[in-house]
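Q: Please walk me through one chain-to-chain contact in detail. I'd like to know what it is made of, and then have something from elsewhere in the model to set beside it.

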Amino acid sequence: MKKALGLAALAAVLACGSANAQDINVKIGVLSDMSSLYADIGGPGSVAAAKMAIADFTKDHPNVKVEMITGDHQNKPDIGTQIANQWFDVDKVDMIIDVPNSGVALAVSQVAAQKNKIFIVSGAAASTLTGEKCNANTVHWTYDTWMLANGTGKAMVKTGGDTWFFLTADYAFGHALETDTAAVVEKSGGKVLGKVRHPLNTNDFSSFLLQAQSSKAKVIGLANAGGDTINSIKQAAEFGIVKGGQSLAGLLVFASDVAALGLPTAQGLVLTETWYWDANDTNRAWTKRWQQDRPGKWPTMIHAGVYAGIMHYLKTRLAMGPGEHDGKSVVAKMKSMPTDDPLFGKGEVRVDGRVIHPAYLFEVKKPSESKYPGDFYKLRATIPANEAFRPLNEGKCPLVSG
Amino acid sequence: MERVVDPLVNKPSAWRTRSELIGFLIMVLVLAVAPFLTYPLFLMQAMCFALFACAFNLLIGYVGLLSFGHALYFGWASYLSAHAAKVWGLSPELAILTGTATAAICGLVAGSLAIRRQGIYFAMITLALAQMMYFYALQAKLTGGEDGIQGVPRGRLFGLVDLHNEMAMYSVVLAIFLAGVLFIYRIIHSPFGEVLKAIRENEARAISLGYKTDRYKLVAFVLSATLAGVAGATKAIVLQLASLTDVNWPMSGEVVLMTLVGGLGTIFGPVVGAFVILLMQFKLAPIGEWVLVIQGGIFVACVLLFRRGIVGEIANKLHIRL
Amino acid sequence: MIEIFGIPSQALFGQLLIGLINGSFYALLSLGLAVIFGMLNIINFSHGAQYMMGAFAAYLILQYSGLGYWPALIIAPIIVGITGVIVERLFLQWLYKLDHLYGLLLTFGLALIFEGVARNYFGSAGLPYTVPESLQGGRNLGFMFLPNYRAWVIVASLVVCIGTWFVIERTRLGAYLRAATENPTLVRAFGINVPRMITLTYGFGVALAAFAGVMAAPIYNVSPQMGSELIIVVFAVVVIGGMGSILGAIVTGFGLGVIEGLTKVFFPEASNTVIFVIMAIVLLVRPAGLFGRRA
C-alpha cells in the first residue's frame, strides 16, 4: 500500500515536473505612442489588441506563458531607443511590437538587430524597414508607404481617376509617398498634372487647395498624414472640391481619422487599408470584443496588425518548442511558416520581413449611406496580396539575394 | 530673475567654495557607483541632458538671459556628430568635436544677432532662430528629416577603446560630463564670471564701469551654446541616433523645465533637475497619457512655490552655496 | 490674362484674399495676447491652449445641449473667459511683481496641462465640427471660389478687432485700463478697483482666444494640439507688431497673413519660416516692434 502511494506520488511529481519543462515562456513588449499624435491609430488600442491575442492563444495552448508590458515612446526616437534597450537588456523582453512613427521604428529595428531580439512593426509606415534598412530581426506587418501608394494610385487610375494633382507634406515621408504614387499613376497610364508642397503641420490649406482646384485634375492626392490630412480634407469640403467633381485620395488615412472628420466632411474620400472592422462577421465580432476595452472607439488596421502579429509569433514559438531561441532564428521560422489568422486571412512573411496580405480600396460613404455608427466605408476594389506590396527585388534589401 | 540671497556674503571666500566642492565630490561618488545599481544607458542619457541644462543655466542663472531656443545647439551638434561618425567614419572623439564645433559656430551667429536685445525680445529672437533651424532640419538631406540619423556607430575612442562596451562608454560620458561641470564652475568663479554676474545685477552700472557688456554676453552665449553642443554630440554617440526631437522647441522648453526644477543659478541644480525630469519621463512611460499634464503641473508648482528649485531650496535652508 | 511674376493675376488675387482670411485669425489671436501683455505685462503662453478650449467648448456645447455654432460663438468665450478669471485669481496674481519670464513659464505650464487633459479625454485625432448650415456653400467671385464661411471670418474678426481697439483706445473704460497699467497706485487712489480690472482684462483676452477657437472649429481640425501649433506663429506676430500695441497686433496680423499667403504662392516650402525671418529682422531693426511703445 505504502509502496503504491509512494509510486503514485513520484509519478505525480514527475508529471508536474515534465509539464513545467514543456512550458514556453514568452515576454512581449507593446511599445506605442500612448499620449500624442498616434495614440488613436496605435496606443491603448494596440495594447487592447495585444491582450486579446494573448488571451486567445493561451486559451488554446495553456503551456505557453505570455507576459506583456507596455511603454509610451511619446513619438521620440530617444525615448523609444531607451525603452527598447532597457526592455531587451534588463527586462528580458523577447519581442517588441507596434511602434507607430517611422523614425522610432527605424531606431528600434536597429536595437533589435544589435541585441538579436525580435521586432514586429505594425504601426509605422516606412517601406525602408523592409527595403534598404531591412534586417533579419524585423518583421513589418499591416502596411507600408509603397502599398499605400500602389493601392490607391493604381486602383484610382483603373477606376477612371487618371489625372492627378498632389498636395504633399514637405518632408521625407510626404516626398516618398508622392514619388511612389506618381510613379504608379504614370505606369498605369495616368498623368500627374502638378503638385504643391506644403510645410509640415500647416493649419490652412486654402491656398494649396485653390491651386489643386484650378488644375482640374480628376484626383487630388493627399501625400501627407495626421493633422495635415484632416485639415486638407476638412477644408476641401469647405471649398466644395468633391462636390465640384474632383476626387480626394487620402494616401494615409485611418478609420480613426474618418471618425474625427465625420462623414459629411469625409464623404467620397478614397483610401487604401488592409483591414476594416465591418468587412465581415469575424472582424465585427473581434471589434465588439475590442470595444469592451476601448468603448466609443473604432479599431484601425494597426490594431488588427498587432493582434495578427502576436498570434503568428506565438504560433512560431509554439512550433519551435521550449528553450531559448535567439531573434534571428525565430524570425527565420516566422518566415518559413505561412500566416493564417482570423483577421488578415492567409499570407506569408517574405524574406525581407514584409508580411503579405490583400489590400482594399475603400471609399468613405455619404452620410445617407451610413446605417449605423462606424459604418464608414464601402469597398471599391480588392488588391490581391501578391500585387499589393512592393516586389521583392525592388526593395534593395540586403537579405534578398540576387 | 529671483536668485538666492547670498547668505555667505560676510563669510571668508574659502567657505563659499567648500560646499560646492563637497557637492561635487558627492556627485562624483554617486555617479561612479550608480552604473552598478541602475541601467547605465539611462544614466548616460541623463548626464548628457544634465550637461545641456548646466549650459543653459550658465546663461539664465549667471547672466540673466533666457534663451528659448537652446535646442538649436544641442540638436544640430547631435546631427553633425552622428553624421561625422556614421558617414565620414570619424572616431567618436572627433565626431563629438565636430558636433561641438558646429554648436559653437551656430552660437556665434545666433548670439551676435540675439545679444542686441534684452529680456523677452532676446528670448523671442532665440526662439525664432531655433524655429528656422528646425524647419531646415526637417528638410535637409543631412538630418534624415523625420527619420533622423539612425545606427550611428559608437566606434573606438582614439582608435583604441571599443565604446560598445557599456562601461567604457559610461566612463567616457562621465569624464565629459565632469569636465563640462568643472569648466562651468571655473567660468563662474573667475573674474570673467564676476563681470557676468555684475551684468545680471545691473547692466547699466557695469557699462558705466567701463565693461563692454555686449562682448561679455556674446562670449557667455557662445560658451553656453558650445557646452550644449558637447552634450548633444555625446548623446548622439551614446544613443546612436539623432532626431528631430532634439531641435524642436519642446526640447528647448524641457531644458528650461529641468533648470527651473533643479534650481536656477546653482551649479548642481540643472544636474538634479535633468535627472528628475528624465526619471519621471521614464517611470511614467507606462501611464504615458499623463506625462504632459504632470510636466505642466510641475512647471506651475515650481513657478509658484519652488522658485528656487530643489537644489536652491536646499542651499537656502542650509545657508550654503550650491 | 495679366501675369504677375508668372502667376496669373486672377490666382494672385485669390491667394491675397486667402491670406487676408488667415490674417484675420492671426489678428484675433494676437489681439488677445496684446491686450493681456499690454495691460498686464503677462506673456500668456497658454493662449493657444485657450484657443483650443474655445473650439472644444463649441464641440461640447453641441454634444450636450444641441446648441450649434451661433450660440456657441457667445457661450464658449464666456465659459473659457471664466476659466481665465479663475487662472488669474489662483495663479497669475502672485507673479505681477516678478520678472515677466515667470508669467511666461507659468502659463507655459498651464498650456501643457490643458493640452494633456484634452488629449487624455478626447484622443489626438480630432473631433468633428461642421460649418453651420447658414454659412455653407460659397460664391464664385470670378477669380476664385470663396466659401461663405471664409467671408464671414473676415467680417467677424474685423468687427471684433476694431471694436476692441475702439474700447481700449477711445473709451473711458479703456482709458482707466491703460492708466491702471501705467500707475496702479494712483489709479487705485481714485477709487477704481484695479485688481478687478486686471482680472477681467485677462478674462477678456482669454475670451478673445476662445472666440477665435470657435471660429476655427468648422474649418480647422479640432484637436488638442491645434493651439500649440499656432501659438509660436502668433507670438511672432505679436512681437513684430509690438508687444503692447493693440493696433500693432491687428495690422500685423492681417499683414502677415497676406505675406504668408503670397509666400505660399511663390515659395510654398518657406511659408512657415517667413514669419520667423521677418520677426528676427524686425527685432533687430526696430526692437520694440513696428508699433511698439517700449524699447
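A: Let's start with a term: a polar contact is a pair of N or O atoms within 3.5 Å; within protein, one has to be able to donate a hydrogen and the other to accept it, and residues adjacent in sequence count only if both atoms are side-chain atoms. Keep in mind that this is a predicted model, where local features need pLDDT of at least 70, side-chain atom pairs need 80 or more, and totals for chains, interfaces and linings use all residues, with side-chain values taken on heavy atoms and with hydrogens and water left out. Residues count from 1 along each chain as its sequence is written, and chains are lettered from A and ligands numbered from 1 in the order written.

The part to zoom in on is where chain C meets chain A. Chain C brings 35 residues to this contact and chain A brings 38 (contact means heavy atoms within 4.5 Å). Together they bury about 2,700 Å², with carbon and sulfur atoms giving 51% of that; buried area is the accessible area, with a 1.4 Å probe, that two parts lose on being put together, summed over both.

Two salt bridges cross between chain C and chain A, a salt bridge being a side-chain nitrogen of Lys or Arg within 4 Å of a carboxyl oxygen of Asp or Glu. If you want one to click on, Arg150(C) and Glu238(A) join their side chains in a salt bridge at 2.7 Å, N to O. The same interface, chain C with chain A, has 11 residue pairs in polar contact, both residues at pLDDT 80 or more.

Which pieces of chain C do the touching? At least two residues each come from helix H1 (9–40), helix H4 (100–122), strand S4 (145–147), helix H5 (148–170), helix H9 (226–241) and helix H10 (246–266) of chain C; helices (H or I, at least four residues) and strands (E, at least two) are DSSP runs numbered from the N terminus. H1(C) gives the most to the side facing chain A, with four residues. By class, chain C's side of this contact splits into 19 nonpolar, 11 polar and five charged residues, with Asp, Glu, Lys and Arg as charged, Ala, Val, Leu, Ile, Met, Phe, Trp, Tyr, Cys and Pro as nonpolar, and the others, Gly among them, as polar.

Now set the contact of chain B with chain C beside that. Here 34 residues of chain B touch 38 residues of chain C. The buried area is about 3,600 Å², and carbon and sulfur atoms give 82% of it. Between chain B and chain C the salt bridge count is zero, and zero residue pairs are in polar contact, again with both at pLDDT 80 or more. On chain B's side, helix H5 (119–139), H10 and helix H12 (291–304) each supply at least two residues. H5(B) gives the most, with 10 residues. That side of chain B has 23 nonpolar, six polar and five charged residues.

Finally, a word on salt bridges across the whole model: the count over all chains is 30. One inside a chain pairs Arg380(A) with Glu363(A), at 2.7 Å, N to O. Arg380(A) sits in strand S15 (residues 377–383) and Glu363(A) in strand S14 (residues 359–364) of chain A, so this pair ties together parts that are 17 residues apart in sequence.
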